[in-house]
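Take a moment to look over the chain below. Then follow the text through it, one piece at a time.

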Amino acid sequence: MKKLALLLAFGFVLSCAPLLCKPDQALLLNHLEDQAPEKYTSQLLISYGILKVPVKVEKDKDKYRVESARFGRFSFDKKGLCLNSVCIDLPFSIDGIIFGKTLTGEEKPSCTSKGLVLGRDAGAYLVKHYFVNNQLAKVEVLDKKRDRIITLIYGQKAPEGYYRRIKVNWEDFTFTINVEEVKF
């Protein structure tokens, strides 16, 4: 009986202790921002209920051009999005959405019973990356100024290295980004 009680107490202590882990180097390298393709063209379909908006994204080195019949055309670089002298600092580029390349190398690891979490303070944002079975499952971005969370939930990854479907939750607003095609 004493052995059983000791075993149960030991199990309780282990379950309450913080989990320490070391992320796999291949996992880190596979999701680094710097490992994104330098040049590609992608066709996206953004869905919100019955509304579907086709979007074309072109990347050439550090420059992006986004084009949509509904929203027009605009360009930006990796540092942020600027429209009419208003600039928005982004926690990661479009490569983070399409390819899951969201890591900078500054993230601090922690483990949960469900998987690995890599987090970093990115100035105006706190960013947490959730990995389950060495696959990117979710990214949470806390906008510190507005105190709101944006969550990207990643679906199946195509053999070419991009995610086919990303669900985005932004407070009470939820939409889906379907990556229809990527040409390198």
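Which residues does threonine 151 touch, not counting residues up to four places away in sequence? Threonine 151 touches Lys138, Val139, Glu140, Lys167, Val168 and Asn169. Here, contact means heavy atoms within 4.5 Å.

Some ground rules come next. This is a predicted model, in which local features need pLDDT of at least 70 and side-chain atom pairs count only at pLDDT 80 or more, while totals for chains, interfaces and linings use all residues. Residues are numbered from 1 along each chain as its sequence is written, and side-chain values use heavy atoms, with hydrogens and water left out.

Back to threonine 151. This residue sits in strand β11, residues 148–154. Strands (E, at least two residues) and helices (H or I, at least four residues) are DSSP runs, numbered from the N terminus. Threonine 151 counts as buried because its relative accessibility is 12%. Buried means under 20% relative accessible area, exposed means over 50%, and partly exposed lies in between (1.4 Å probe, protein chains only).

Now place β11 in its sheet. Strands of a sheet pair through backbone hydrogen bonds, either parallel or antiparallel. In this model, 11 strands form an open sheet with antiparallel pairing. Their order is β4-β3-β2-β1-β13-β12-β11-β10-β9-β8-β7. The edge strands are β4 (72–77) and β7 (108–111), and each pairs on one side only. Two strands pair if DSSP finds at least two bridges between them. Neighbouring strands of the sheet are turned by 20° against each other on average, direction ignored. For such angles, axes are lines fitted to C-alpha atoms (for helices, over the stretch in contact), and angles run from 0 to 180 degrees between N-to-C directions.

Look at β9 and β10. Eight bridges join these antiparallel strands. Tyrosine 130 has lysine 138 in β10 as its bridge partner.

Histidine 129 is found in β9, residues 125–132. Is histidine 129 buried or exposed? Histidine 129 is buried, because its relative accessible area is 0%. Its contacts include Thr102, Leu118, Leu136 and Lys138. The C-alpha atoms of histidine 129 and leucine 118 are separated by 5.0 Å, although the two residues are 11 residues apart along the chain. A polar contact of 3.2 Å also joins the side chains of histidine 129 and threonine 102. A polar contact is a pair of N or O atoms within 3.5 Å; within protein, one must be able to donate a hydrogen and the other to accept it, and residues adjacent in sequence count only if both atoms are side-chain atoms.

Charged pairs come last. Side chains of opposite charge can pair when their charged atoms come close. How many salt bridges does a search of the whole structure find? The search finds eight. A salt bridge is a side-chain nitrogen of Lys or Arg within 4 Å of a carboxyl oxygen of Asp or Glu.

One of them joins aspartate 121 and lysine 144, at 2.7 Å from N to O. Aspartate 121 lies in strand β8 (residues 116–122) and lysine 144 in the loop between β10 (135–143) and β11, so the pair ties together parts that are 23 residues apart in sequence. Aspartate 121 is partly exposed at 49%, and lysine 144 is partly exposed at 36%.

Another salt bridge links aspartate 143 with arginine 146, with the closest N and O atoms 3.2 Å apart. Aspartate 143 is buried at 7%, whereas arginine 146 is exposed at 54%. Salt bridges that share partners also join Lys56, Glu58 and Arg65 into one network.
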